[in-house]
Amino acid sequence: MATKLEKSSFNLGRRVTLATGVIILSFTVLLGRLWHLQILNGAEFRQKSEHNRLRPVFIPPSRGLMLDRNGKPLVKNRPAYSVELVPEDAPDPALTLHRLSRLIDEEPGKLDERLRDTRKRRKFEPRLLLRDVSRDVVAKVSSRKFDLPGVMINVTPTRYYLYGSLGAHTLGYIREITKEQLELPQFRGYKPGDVVGQFGLEARWEEFLQGVRGSQLVIVNASGARIGEYSYEPERPGHDVTLTLDLPTQQAADAALEGKRGAIVALQPKTGEVLALVSSPKFDPNMFSGDVPADVWKELRSGSGKILNNRAVQGVYPPGSVFKIFSALAAIDQKVISPQERITCRGGLPFGGRVFGCHKREGHGPVNLYDAIVQSCDVYFYVVGQRLGVDRIHDYAVRFGLGKQTGIKLVDEASGLMPSTAWKKKYYRDPANQKWHPGETLSVVIGQGAVTVTPLQIASSIAAVVNGGKVMRPQLVKKISSADGGFLDDDFPPEEIAHAAVDESVLKLITDAMVGVVNDPKGTGKRVRMERFPSITVGGKTGTAQVVALGAAKHEHLEDHAWFVGYAPAENPEIVAVALVENGGGGGANAAPLVKQVFEAYFLSTRGAPEQQIVSAEGAKASTSG
Amino acid sequence: MMWNAAMEKRILRTFDWPLLLTGLLIPLLGLGVLYSAGYNPDNNLRMLFGLIDSPASPAFSKQATFLLLSLVVMAFAMALPPTFLHRVSYVLYGGGVILLILVLLFGTVVNGSRRWLDLGAFNLQPAELMKIGAIMALARYISKYPPSNDGYSFTQVLLPLSIVLVPMALIMRQPDLGTALVIGGVGALMILFVGVELKVLVSGVVLAVAAAVPAWMFLLHDYQRRRVLTLFDPAADPQGSGYHILQSIIAVGSGSFAGKGYLQGTQSQLAFLPEHTTDFIFSVLAEEWGFIGCASVLILYAFLLYRILRVAAKSKDLYSSMMVTGIASLLFVHAVVNVGMVIGLLPVVGIPLKLFSYGGSSLVSTFFCLGLVLGVSMRRFQYLRGAR
């Protein structure tokens with residue numbers, strides 16, 4: 001095959017010159033046309049481009065509502081007015097801002113700062129200057145419109161929490177998306193300036209509540225006025241979320257904790273549906289729709305009150321005597337003691353060279369299981385604890401859900417701690433500290449020592465005790481529905497996460513004793529009894545958890561935590577409620593009355609009317625004779 | 001052939017640096033304009049392996065990546081000896097035709113056109129390959145049967161013409177009018193370059209005009225007819241077919257002498273043009289950089305074309321000359337048709353501005369062509385020894 005390439009036989013140079021001429025000619029034509037468009041008619045086209053232009057307008061979707069279990073709205077939207085500036089329409093932005101500051105008595109520097117923050121954006125994009133301004137400001141700005149070129153008033157739906165701080169920790173709040181969040185995959189498609197759920201249910205169900213932003217390309221003239229519409233993509237409102245919360249019960253729990261630090265959780269034992277979930281101190285999520293002053297924000301985030309901490313699910317506390325329920329279950333089920341066996345309490349038990357005291361210094365005398373629970377005798381449980389050993393106590397507590405997260409879909413949940421010999425080996429690196437001391441068992445068996453729980457865990461685990469051992473996942477959402485009424489996920493069925501295999505008869509012994517705690521003359525929880533519903537029997541357990549003094553802890557923090565967990569009606573429980581008051585003192589005196597308030601509100605809302613009217617506090621005393 | 005120090009020295013000395021630098025400068029400027037066209041402060045594009053966050057569009061980083069890949073492809077093309085290219089010309093052409101038939105049978109439909117072959121790992125656009133195949137086949141034919149001093153006669157011109165007419169017809173079927181016209185234009189320019197008899201030229205023009213009428217009536221689709229009509233009166237239907245061209249003209253015109261400034265083009269940034277990163281990228285340039293920017297880029301193109309033609313003139317074998325001429329024609333047709341379309345001189349046929357528009361495969365194939373040109377340029381002193 002001949003691969004020698006043919007030599008050029010004719011004059012390429014002449015042809016290249018010709019081709020170059022063609023190129024120059026063609027490009028000259030193009031440049032001529034460009035000259036015609038850009039130089040001769042440039043000014044006209046420049047004006048045209050300014051007069052006839054498209055501007056993207058985003059239509060924020062209205063966020064889904066949150067309703068209580070009976071459809072009463074808890075969170076809605078309201079129109080909010082914001083003041084914005086389009087730099088392109090403001091010939092002298094500094095002057096406009098200066099006038100605007102004067103007009104509405106705003107610090108002059110603040111608006112400039114707002115504008116500086118958005119420097120990178122394009123000139124025709126509106127900049128947010130003031131969020132959620134009053135109608136007064138709207139009126140002032142509107143009336144001076146012609147002195148304020150580039151300034152516009154925009155109306156956007158804003159979150160409105162109907163009951164203010166009620167259930168703030170549960171409902172959560174929304175706030176502008178952060179730079180860090182914009183990087184996350186779940187916030188793909190969000191833009192800076194979008195508001196998103198940042199806390200509580202608002203954050204947890206963000207993807208359903210948010211809705212889809214609509215967009216519109218509008219044709220505007222030089223002064224920014226709309227002269228036509230080019231394309232329109234309608235917004236889609238967010239889905240409504242119906243919660244399991246019961247508004248009256250939630251309100252009662254909220255009122256009960258007023259002025260205290262602590263938490264209340266109420267739920268349905270059979271379904272795990274949460275009826276009330278309150279943490280105190282609280283905040284008003286409505287304030288996040290406007291600008292939150294820096295000092296308020298700092299106090300919220302890092303103040304000593306830990307206001308944003310949802311104590312019901314994130315707070316961990318020693319359970320104190322409430323824990324004895326699980327110790328007793330373990331003891332009877334493991335048959336280390338018979339229900340009838342009596343142990344004599346002399347106010348303390350010498351062990352390992354020291355005396356483990358009972359809360360009743362003079363002693364309870366000989367007590368059996370029932371007496372020990374009703375009167376919350378520590379010595380009885382010290383003895384039982386020695387017979388059981390820590391690992392069997394751990395086993396039973398874990399079966400009912402302690403020491404691990406309940407799986408409630410709300411926020412990062414604390415798991416608490418349920419110690420065991422295995423835990424200690426894992427937790428301590430130094431072999432000298434890894435050994436479990438029998439004395440520690442004596443602390444654990446009465447809910448002290450290393451044991452910690454969240455109030456929600458106590459509610460959920462006691463619910464399992466009164467529900468035949470079925471541990472239900474605590475749920476806050478009943479259903480999610482789209483705004484047009486079509487169900488997306490029509491319900492969230494009760495979810496059994498574990499079944500603590502404990503004999504029915506054993507559970508019966510324990511619940512009988514819990515009824516005794518409230519109704520026995522010697523019971524520690526008498527103050528939960530509902531005078532207004534005498535026919536409804538309440539069961540429960542008190543707890544007074546000692547707070548371990550760490551180093552130079554302040555004196556007031558050494559006061560005990562008050563616990564009470566109760567359920568009613570005893571024969572067929574509809575509600576379990578737990579109250580925890582930080583440093584509140586004795587549980588029977590300081591936590592049981594709070595649970596009573598919750599119970600009464602719940603039964604008032606479900607039964608319609610109280611069985612007995614109580615006119616006044618004195619009248620109440622008189623009427624309890626029967 | 002063996003490399004030695006003397007050869008290396010000669011290659012460095014004779015290497016066409018101006019051609020390479022111009023060929024690199026244009027896509028770099030294109031990247032700058034593409035950055036603006038896709039600019040959105042809301043973008044948080046991770047670039048340089050996550051080192052920086054940038055408001056550029058994903059298209060920008062994709063194009064930058066393809067530019068790097070293109071350099072590798074260009075180096076590869078430079079290494080191909082003309083003898084080898086000469087040998088595979090018809091094979092490549094035949095392969096291209098077969099792929100075009102396959103695409104008509106099995107291609108994926110995008111926007112109503114069947115242009116892509118889905119090869120699993122990537123999509124192949126056979127028309128892009130066909131451009132190179134047609135250039136090489138025509139170059140081989142012309143170098144084997146060059147015309148006499150008078151140019152090709154009627155009978156002589158039929159065969160080289162059919163080399164471009166076959167792929168043209170296949171591409172028209174997709175339908176992709178723009179690419180078909182590009183191949184036709186490139187073929188016509190190559191044949192005119194070596195010359196045709198005057199009567200052939202005259203009757204060709206007459207025939208083209210005469211063919212335009214039935215083509216208008218039977219070959220063109222409705223939307224294509226509208227685009228041509230729009231050219232004469234864009235304002236007739238400002239919301240419909242005239243919309244893009246009108247907005248493009250406003251964008252270009254509003255750039256005035258010095259432009260509105262980088263990233264400040266209101267027309268281009270507002271998505272009024274659906275193809276403002278590809279076919280209409282020149283109007284972004286025109287709006288933001290004005291007449292100065294447009295003239296600079298056009299002069300760069302003219303200079304690049306001149307350097308390529310210079311390589312064609314200096315090459316000692318006709319095949320290489322014709323191949324290089326074909327590549328120059330390709331860039332020329334793309335530039336003139338695209339810019340002409342953007343500034344309202346030619347109908348909207350939807351072809352990109354080579355080296356400037358966003359589009360990975362177009363960029364890679366163009367750099368392959370530039371590599372071929374540089375390869376020819378490098379070997380101009382050893383063309384005979386190159387043959388084994």
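How many residues lie between β14(A) and β15(A) in their hairpin?

**Entry 1: a hairpin in chain A**

I began by noting that this is a predicted model. Then I turned to the hairpin. I found two residues between β14(A) and β15(A). In the turn, A:Gly352 has a positive phi of about 55 degrees. I checked the strands themselves next. β14 of chain A covers residues 348-351, and β15 of chain A covers residues 354-357. They pair in the antiparallel sense, over four bridges. I looked for a residue facing A:Phe351 and found A:Arg354 in β15(A).

**Entry 2: a covered helix in chain A**

I moved to helix α13 of chain A, residues 324-333. How many of its residues are buried? I got 10 of 10, so I wrote it down as mostly covered. The buried residues include A:Phe326, A:Leu329 and A:Ile332. A:Lys324 and A:Asp333 are buried too. I then asked what the buried residues of α13(A) pack against. Five helices of chain A came up: α14 (369-374), α15 (378-388), α16 (390-399), α20 (455-466) and α21 (504-519). Strand β21 (539-545) of chain A is also on the list. After α13(A) comes A:Lys335, and its phi is positive, near 60 degrees.

**Entry 3: nonpolar cores**

I looked up the largest nonpolar core. It has 125 residues. A:Ile264, A:Val265, A:Ala266, A:Val576, A:Ala577 and A:Val598 have the most contacts inside it. I noted a general point here: in soluble globular proteins, nonpolar side chains tend to be buried together.

I left aside its neighbours within four places in sequence. Its contacts include A:Ala253, A:Leu257 and A:Val278. Further along the chain, A:Ala577, A:Val578, A:Ala579, A:Leu594 and A:Val598 are in contact with A:Ile264 as well.

**Entry 4: chain B in outline**

I counted 14 helices and five strands in chain B. The chain has 388 residues, and 49% of them count as buried. I also looked at contacts between residues at least 6 apart in sequence. In chain B, 70% of these join residues at least 24 apart.

I found an open sheet of three strands in chain B, with the order β3-β4-β5 and antiparallel pairing. Its edge strands are β3 (108-110) and β5 (123-124), and each pairs on one side only. Two bridges join β4 (residues 113-118) to β5(B). B:Leu117 has B:Leu124 in β5(B) as its bridge partner.

**Entry 5: two helices and B:Met172**

I ended with α6(B) and helix α7 of chain B, residues 177-194. They pack at an angle of about 170 degrees, and their axes are 8 Å apart. Because that angle is over 145 degrees, α6(B) is roughly antiparallel to α7(B). Residues of α6(B) that meet α7(B) include B:Val157, B:Ile163 and B:Met172. From α7(B), the residues in this meeting include B:Leu177, B:Ala180 and B:Ile191.

B:Met172 sits in α6 (residues 154-172) of chain B. Is B:Met172 buried or partly exposed? It has 18 C-beta neighbours inside 10 Å, so it counts as partly exposed. Not counting residues up to four places away, B:Met172 touches B:Leu177 and B:Ala180. B:Leu219 is 47 residues from B:Met172 in sequence, yet their C-alpha atoms are 8.9 Å apart.

Definitions and conventions: Residues are numbered from 1 along each chain as its sequence is written. Chains are lettered from A and ligands numbered from 1 in the order in which they are written. This is a predicted model: local features need pLDDT of at least 70, side-chain atom pairs count only at pLDDT 80 or more; totals for chains, interfaces and linings use all residues. A nonpolar core is a set of buried Ala, Val, Leu, Ile, Met, Phe, Trp, Tyr and Cys residues joined through C-beta atoms within 7 Å. A residue is buried if 20 or more other C-beta atoms lie within 10 Å of its own, exposed if 12 or fewer, and partly exposed in between; C-beta atoms are placed from the backbone. Two residues are in contact if their C-beta atoms, placed from the backbone, lie within 7 Å. Two strands pair if DSSP finds at least two bridges between them. Axes are lines fitted to C-alpha atoms, for helices over the stretch in contact, and angles run from 0 to 180 degrees between N-to-C directions. Angles under 35 degrees count as roughly parallel, over 145 as roughly antiparallel, 65 to 115 as roughly perpendicular and the rest as oblique.
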